[in-house]
Structures are given as structure tokens and as C-alpha cells.
Amino acid sequence: PYPTLRSAAIGDPASLPPDVMLKLIADFPSTRGYTQVWRTADHLRATHMASVHSAEDQAEAEELGWRTFRVRPVGAPLLSTEVSCPASKESGYLTGCATCTLCTGARRPSVSIIDHGPLANSKKRSLRIMEAA
């Protein structure tokens, strides 16, 4: 058997035609991935997570049967159906994305991580400035 397919590492898996993606998924024992277009990518619900950016999107996606991966703002709490990404700084880097299986398939819980993208540092600086004022 092949190793786990980490489909979102190269872009949104929903950009491939559904029949192509489903055949690719079938060739792997497990799949990890996220889609930004979860509202229209029902064929990925059993094997991928909905990439969401707000608590409202998270609730909508879960209502539709999706597990979610949510990047939350600095200082925002986890939602009751979420756990912190174990490969994150906030979790002490308990594991890495290459070996972790938490984002595999449709099993619960949903996962969240504090914003750590390119704009995260400027957001943190702005937050500190506002708190100091």
C-alpha cells in the first residue's frame, strides 16, 4: 500500500474533477486534506476537512456533516467541537504534519490552529498596540 495522501499540500483537491480525485483517493489507505470550497465539494466530505475561517463557517460546515480545520485569530478560544492542532506551536509541537493522523478522514474532532501565516505577526503587533492604548 502507498503512504497517506496529503492532497492539500499541492492546492485545493476540489480543483480536480471529482472522478479523478476519487480514483486518486481510492489508491491510498488514508487521505489528509482540506478544501476551501466545501459547500460544493460533497464528494470530499468523507476524506477531507472543510477549511474554515470563522466560527460561523465552522458551525455551517459541521451542520453539513464536515469536519473542520479552522485558523483562528490570535486570542480566540477553541470551539467546543475543536482540539488544538498537535503539530502547532500552541500545542508544543507534539507531532508533525507528516506523521500526525488527526486530519485524516471524517472522524471527529475538528482541528484548529492559531493564525501563524505571513500576516500573523503584524496582527499580533496591532493587538498589543490596541491593548496598550
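**Figure 1. Nonpolar surface patch at L16, V20 and L24.** In this predicted model, L16, V20 and L24 make a nonpolar surface patch of about 200 Å². V20 belongs to helix α1, which spans residues 18-26. The relative accessibility of V20 is 40%, so V20 counts as partly exposed.

**Figure 2. Overview of the protein chain.** Three helices and seven strands make up the secondary structure of the protein chain. Read from the N terminus, the order of these elements is β-α-β-β-β-α-β-β-β-α. The protein chain has 133 residues, of which 34% are buried. Among contacts between residues at least 6 apart in sequence, 52% join residues at least 24 apart.

**Figure 3. Strand β7 and the strands paired with it.** Strand β7 covers residues 110-114. Four of its five residues are buried, so strand β7 is largely enclosed by the rest of the structure. Strand β5 (residues 68-72) runs parallel to β7 and is joined to it by four bridges. Within this pairing, R70 has S112 of β7 as its bridge partner. Strand β6 (residues 82-84) also runs parallel to β7, and three bridges join the two. Here the bridge partner of E82 in β7 is S110.

**Figure 4. Salt bridge between E82 and R70.** The side chains of E82 and R70 form a salt bridge, with the closest N and O atoms 2.8 Å apart. E82 lies in strand β6 and R70 in strand β5, so the pair ties together parts that are twelve residues apart in sequence. Residues under 20% relative accessible area are classed as buried. E82 has a relative accessible area of 7% and is therefore buried. R70 has a relative accessibility of 4%, so R70 counts as buried too. Both residues also have bridge partners in β7: S112 for R70, and S110 for E82.

**Figure 5. Salt bridge between R72 and E90.** R72 forms a salt bridge with E90, and the closest N and O atoms are 2.7 Å apart. This pair links distant parts of the chain, since R72 is in strand β5 and E90 is in the loop between β6 and β7, 18 residues apart. R72 counts as buried because its relative accessibility is 5%. E90, with a relative accessible area of 30%, is partly exposed.

**Figure 6. Salt bridge between D42 and R45.** The side chains of D42 and R45 meet in a salt bridge with an N to O distance of 2.8 Å. D42 has a relative accessible area of 48% and is partly exposed. R45 has a relative accessible area of 27% and is likewise partly exposed.

How values were computed. Residues numbered from 1 in each chain as written. Predicted model: local features only at pLDDT ≥ 70, side-chain atom pairs only at ≥ 80, totals over all residues. Heavy atoms only, no water. Buried < 20%, exposed > 50% of the residue type's maximum accessible area, 1.4 Å probe, protein only. Pairing = 2+ DSSP bridges. Patch = residues over 30% accessible without salt bridge, like charges linked within 9 Å, V, L, I, M, F, W, Y side chains within 5 Å. Areas by Shrake-Rupley, 256 points an atom, 1.4 Å probe, with all protein chains shown as cover. Salt bridge = Lys/Arg side-chain N within 4 Å of Asp/Glu carboxyl O. Contact = heavy atoms within 4.5 Å.
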